[in-house]
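We will walk through it together, one region at a time.

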2 protein chains.
Amino acid sequence: MAKAITNRSEDYSQWYIDIVKKAQLADNSAVRGCMVIKPYGFALWENMRDQLDTMFKETGHVNAYFPLFVPKSLFEAEEKNAEGFAKECAVVTHYRLKNNPDEAGKLMVDPEARLEEELVVRPTSEAIIWNTYRDWINSYRDLPLLINQWANVVRWEMRTRLFLRTAEFLWQEGHTAHATREEAIEETKRMQEVYATFAEEYMAMPVVRGVKSESERFAGADDTYTIEALMQDGKALQAGTSHFLGQNFAKAFEVKFLNENNQQEYVWATSWGVSTRLIGGLIMTHSDDAGLVLPPRLAPVQVVIVPIPKPVPEINEVAEKIMAELKAKGIRVEYDTDAKKRPGFKFAEHEMRGVPVRIGIGKRDLEKGVVEVARRDTKEKEQQPLGGVVEHVAQLLEDIQNNLYDRAVKFREEKTTSVDNFDDFKAVLEQEIPGFISAHWDGTAETEQKIKELTKATIRCIPNDAPEEDGVCVYSGKPSKRRVLFAKAY
Amino acid sequence: MAKAITNRSEDYSQWYIDIVKKAQLADNSAVRGCMVIKPYGFALWENMRDQLDTMFKETGHVNAYFPLFVPKSLFEAEEKNAEGFAKECAVVTHYRLKNNPDEAGKLMVDPEARLEEELVVRPTSEAIIWNTYRDWINSYRDLPLLINQWANVVRWEMRTRLFLRTAEFLWQEGHTAHATREEAIEETKRMQEVYATFAEEYMAMPVVRGVKSESERFAGADDTYTIEALMQDGKALQAGTSHFLGQNFAKAFEVKFLNENNQQEYVWATSWGVSTRLIGGLIMTHSDDAGLVLPPRLAPVQVVIVPIPKPVPEINEVAEKIMAELKAKGIRVEYDTDAKKRPGFKFAEHEMRGVPVRIGIGKRDLEKGVVEVARRDTKEKEQQPLGGVVEHVAQLLEDIQNNLYDRAVKFREEKTTSVDNFDDFKAVLEQEIPGFISAHWDGTAETEQKIKELTKATIRCIPNDAPEEDGVCVYSGKPSKRRVLFAKAY
């Protein structure tokens with residue numbers, strides 16, 4: 001823990017890995033591309049999950065659980081979806097191991113226990129869920145169906161990075177069924193807004209709300225709504241998506257309902273998800289060269305109290321009183337009583353873990369009636385009269401939450417460049433921290449592809465609030481009606 | 001929903017399935033042996049999970065998450081454990097599908113995407129976790145490690161029953177590491193007691209705390225502590241187990257620590273788990289021929305208000321006032337405003353779903369200043385003055401919780417028979433509702449096996465509180481020092 005981490009300016013990727021490991025968030029595992037989420041990382045995920053779950057329930061959704069496996073014949077039913085995920089599927093082919101006759105104590109797959117039909121480990125659950133919805137939906141009275149599931153999914157990615165892209169990850173996937181196209185689109189947008197609210201108000205991570213271009217859509221969707229965040233290295237992160245699935249899955253799985261006029265109609269669908277990837281976004285939005293920086297609303301520990309230099313009775317007494325008062329305000333607080341570590345070491349440790357506020361209590365300070373309060377975001381320290389420290393800290397947590405958000409908004413504004421020709425476009429991307437590029441695009445997949453080949457930048461989204469504006473495509477020169485957002489992306 | 005379910009006396013197994021389906025708890029899926037947990041069933045599981053999670057955290061545990069897959073070479077490292085689970089493993093052998101050249105629109109496993117090493121879908125996570133603990137544990141300062149995980153696991157069972165035995169199920173698995181044998185045993189017992197407390201105080205399901213005989217132990221454990229409940233049909237249900245794993249996994253995965261005397265020692269281990277199987281136990285402990293009966297502490301809806309015959313303004317007003325007051329007391333309440341269903345239909349529906357208390361509000365009753373309060377456990381109804389109804393209902397929920405527990409204890413007492421010879425032993429098992437048999441056993445696996453072959457009864461446990469008592473084995477006539485508990489079991 002005492003060892004420093006790589007500086008961002010030196011090697012951003014290594015800095016990221018260092019943070020994940022030194023802050024004890026996650027680790028690589030013995031399984032290629034799969035991670036172990038360590039207790040501190042999982043506590044952070046629990047806070048995110050619980051808040052999202054509350055927001056889903058407030059918008060009328062309920063949780064359920066569907067099988068981990070998707071039989072191949074269901075998996076392939078919606079062709080675009082199948083095509084999109086077929087190349088990265090873990091496939092179960094056998095249901096038994098047996099002793100290896102050639103090697104004592106070793107096992108082998110039992111060739112006699114081959115499944116009649118292979119099972120795909122879910123990369124996403126539209127197929128298994130829509131196959132189930134066929135039995136659940138008969139009439140308009142059964143609609144809307146507003147279901148969410150918290151689950152693990154597997155996508156056999158070739159290049160993985162802790163949290164950002166792993167073979168197995170944890171996520172939630174909402175799958176809703178509606179009687180009308182309009183209602184389904186409304187739901188798709190509602191969930192985009194829920195995600196955006198969560199990102200901004202809890203993660204303190206500003207996002208652009210927009211719609212994906214056709215080539216960047218979810219496989220099987222008619223439209224994909226997205227929230228896109230900008231990381232400190234000037235690359236974009238797709239942080240959550242909400243898909244309007246039209247009647248594609250209803251048709252693939254023959255899910256019809258009797259409408260109020262007694263006619264059979266196909267059901268309209270949405271799906272939407274966010275994952276442990278958000279933790280990667282959180283890290284890359286706020287953290288610095290001293291370690292993790294966490295927004296107070298999600299931090300597993302919001303305040304840590306450190307006795308200086310040691311936990312002695314007169315300090316313990318004050319610490320416990322402050323702890324009790326903070327807890328009474330619903331603040332998550334820890335008292336670091338480890339007598340084997342020096343205060344300086346502890347300071348570095350809690351900075352590495354991103355604890356938003358540290359209170360240092362020293363004997364000499366106590367005689368003066370003060371304690372030291374340090375904030376993680378700016379690293380400022382100040383002496384605070386003991387009397388008002390609890391109120392001060394409660395307010396400080398809110399200030400930090402707001403400061404992190406404001407800082408990130410400012411960064412994004414500085415790193416969003418409006419360009420009108422391709423030379424400028426390329427010049428922005430050659431900067432050390434490229435950021436978002438707002439530019440006109442002719443709306444064709446060919447141009448999009450060409451720009452990607454030439455610059456590695458992709459269309460992140462067509463922002464919801466992009467005004468209509470006459471212009472010409474930054475690459476082809478053809479006419480365009482609005483700017484879209486480009487960036488290199490994770 | 002209006003259709004009645006099979007009576008218990010007629011066909012207990014069918015009654016069970018009817019309840020699970022008609023109360024909308026779960027359904028079979030397109031995947032052999034895997035279930036879909038429906039929203040109402042999942043809401044019940046969420047209440048159970050949240051309470052258990054609180055109890056785990058109160059006893060010092062933290063959550064983490066480990067990979068779904070276990071590489072075969074790790075899986076086989078602890079031989080007994082591997083042997084115990086090898087025959088029921090789902091195995092991933094490939095990581096890609098491709099288009100089937102012989103059938104348009106169909107996919108096939110890509111033979112070129114064969115994994116170098118097969119991956120077992122976790123049936124339990126000791127192997128992957130202890131392989132990780134090797135990196136996390138160096139010195140006694142790293143101990144104890146008290147980690148729990150909420151996860152899905154897969155065991156390829158041949159005969160499955162919703163909740164009770166499914167190929168995939170949800171569970172929690174605690175995996176702890178300790179410096180001493182004594183501390184590990186203490187932890188094993190602590191978690192058995194946590195499970196017993198949860199079963200009794202929340203599920204209202206009395207359990208016998210005991211230790212498994214050697215043949216019934218978890219594969220890889222030195223001792224398995226269990227809680228055993230008695231179902232209404234006189235069969236036992238193993239409801240939770242806590243294993244003392246000795247140093248077996250530490251040795252298999254070379255997990256050592258430097259003790260305070262600077263010597264390397266193998267780490268001591270425990271693991272413990274409960275699963276969605278508990279829902280099966282809950283159903284079979286309390287429910288009746290009218291449907292599900294739920295203990296108030298876990299019921300997703302504790303009180304339902306039904307307007308008689310319809311939701312009209314003067315009834316709505318009273319209902320909303322009662323709702324608000326119940327909610328303020330932390331009671332989960334629903335107002336059934338569906339105008340299309342008649343009250344009688346609704347009553348049956350809420351009985352089927354096991355809602356503990358129903359409040360019926362009719363116009364004529366209101367004129368008299370009363371409402372009708374019905375309790376699900378005894379089906380008693382009574383008129384209650386409107387004034388005190390909220391306090392009455394709050395108390396009634398506690399009464400129902402206690403009554404369910406007391407009723408189940410009484411049933412178990414009536415259905416626990418002490419026998420001293422094998423004829424009596426067999427006679428008890430031939431009864432329609434056999435129950436627990438308390439009998440002397442000579443302590444050998446041979447006798448245990450013989451009794452199982454002859455009667456299908458197994459040793460459920462050696463109760464923790466079994467007094468020392470001289471006797472002779474009910475089968476072999478050899479001397480025995482204490483009685484053990486036999487039963488047919490799920």
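Predicted model: local features only at pLDDT ≥ 70, side-chain atom pairs only at ≥ 80, totals over all residues.

Chain B is superposed on chain A by a rotation of 180° with 0.0 Å of shift along its axis, and the RMSD is 0.0 Å. The two copies are therefore related as by a two-fold rotation axis. Which C-alpha of chain B is nearest the axis? That of Val92(B), at 2.1 Å from it.

Val92(B) lies in strand E5(B), where Val92(A) stands opposite it. The two E5 strands, residues 91-94 of chain A and residues 91-94 of chain B, pair in the antiparallel sense over three bridges. Looking at the whole interface, 53 residues of chain B are in contact with 53 residues of chain A. On the chain B side, these comprise 34 nonpolar, eight polar and 11 charged residues. Of the interface residues of chain B, 100% are also interface residues in chain A, so the copies meet through the same surface.

Now let us move to the sheet in chain B. It is an open sheet of 11 strands with mixed pairing, and its order is E3-E9-E10-E16-E13-E12-E11-E24-E27-E23-E22. At its edges are strand E3 (62-63) and strand E22 (416-418), each of which pairs on one side only. The partner of E22(B) is strand E23 (residues 436-440), and these two run in the parallel sense with three bridges between them. One residue pair to pick out is Thr416(B), whose bridge partner in E23(B) is Phe436(B).

A helix is worth a stop as well. Helix H13 of chain B covers residues 422-430 and holds Asp424(B). Is Asp424(B) buried or partly exposed? With 15 other C-beta atoms within 10 Å, Asp424(B) is partly exposed. From Asp424(B) to Ile437(B) there are 13 residues in sequence and 9.9 Å in space, C-alpha to C-alpha.

The last stop is the nonpolar core. The largest nonpolar core has 299 residues, and those that touch the most other members are Ala199(A), Ala199(B) and Ala229(B). If we leave aside neighbours within four places in sequence, Ala199(B) is in contact with Met205(B), Val207(B), Ile227(B), Ala229(B) and Ala239(B).

How values were computed. Residues numbered from 1 in each chain as written. Chains lettered and ligands numbered in written order. Contact = placed C-beta atoms within 7 Å. Nonpolar A, V, L, I, M, F, W, Y, C, P; charged D, E, K, R; others polar. Pairing = 2+ DSSP bridges. Helix = DSSP H or I, 4+ residues; strand = E, 2+ residues; numbered from the N terminus. Least-squares fit on C-alpha atoms with pLDDT ≥ 70 in both. Buried ≥ 20, exposed ≤ 12 C-beta atoms within 10 Å, placed from the backbone. Core = buried A, V, L, I, M, F, W, Y, C linked by C-beta atoms within 7 Å.
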